[in-house]
Amino acid sequence: MHDKAITEEQGEALRYVLSGILVRADTDAVFVCDKGGNIVDHVSLDEKETDVTIAALASGSFAATGELAKLIGEPTFRSVYHKGENKSVYMQNLSQSFLILVLFGKKTTIGMIKLCVEKFGKLDILVNNA
């Protein structure tokens, strides 16, 4: 296995897409992570020291959900949604190696998140070419 690098142009395009999701969906933060929980890039209204931990735990949660899918006869789940009282998390596969993680509050809906991820989320093109 070899490490992949994202070019400067891909990085700028990725930042543009993540910023578009952040603004249009009125979210708190948007991350692209590898399946190990390492942040490729993210945008946030309020940078926090816990961002790295959030990405790692979300990646682990997504992996656990993938194993659950296999146990019930599904090859995988494309997305995972955790709804909280004040904050929620949406995760979606971008490719076999990457996922998008969106943190949002009460001011937006899961439908808006999914719409924006689908509209702006041709991120798989960016990360697959990395």
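Just after helix 2, Gly73 takes a positive phi of about 95°. The structure described here is a predicted model.

**Helix 2**
- Helix 2 comprises residues 51-71, and its 21 residues should span 30 Å at 1.5 Å a residue; the end C-alpha atoms are 30 Å apart, in agreement with that value.
- Buried positions in helix 2 are Asp51, Ala55, Ala58, Ser59, Phe62, Thr65, Gly66 and Ala69.
- Exposed residues Leu57 and Leu71 are carried on the face of helix 2 turned away from its buried side.

**Asn93 in strand 4**
- Strand 4 spans residues 87-93 and contains Asn93.
- With a relative accessible area of 14%, Asn93 is buried.
- A polar contact of 2.7 Å joins the side chain of Asn93 to the side chain of Lys35.
- Apart from neighbours within four places in sequence, Asn93 is in contact with Lys35, Phe62, Thr76, Phe77, Arg78, Phe98 and Leu99.
- One of these contacts, Phe62, is also among the buried residues of helix 2.

**Helix 3**
- In helix 3 (residues 110-120), the residues Ile113, Cys116, Val117 and Phe120 are buried.
- Viewed down the axis of helix 3, its buried residues fall within an arc of 100°, so they line one face of the helix.
- Leu115 and Lys119 are exposed residues on the face of helix 3 turned away from its buried side.

Methods: Residues are numbered from 1 along each chain as its sequence is written. This is a predicted model: local features need pLDDT of at least 70, side-chain atom pairs count only at pLDDT 80 or more; totals for chains, interfaces and linings use all residues. Side-chain values use heavy atoms; hydrogens and water are left out. Helices (H or I, at least four residues) and strands (E, at least two) are DSSP runs, numbered from the N terminus. Buried means under 20% relative accessible area, exposed over 50%, partly exposed in between (1.4 Å probe, protein chains only). A polar contact is a pair of N or O atoms within 3.5 Å; within protein, one must be able to donate a hydrogen and the other to accept it, and residues adjacent in sequence count only if both atoms are side-chain atoms. Contact means heavy atoms within 4.5 Å. The arc is that of the directions from the helix axis to the C-beta atoms. The expected span of a helix is 1.5 Å times one less than its number of residues.
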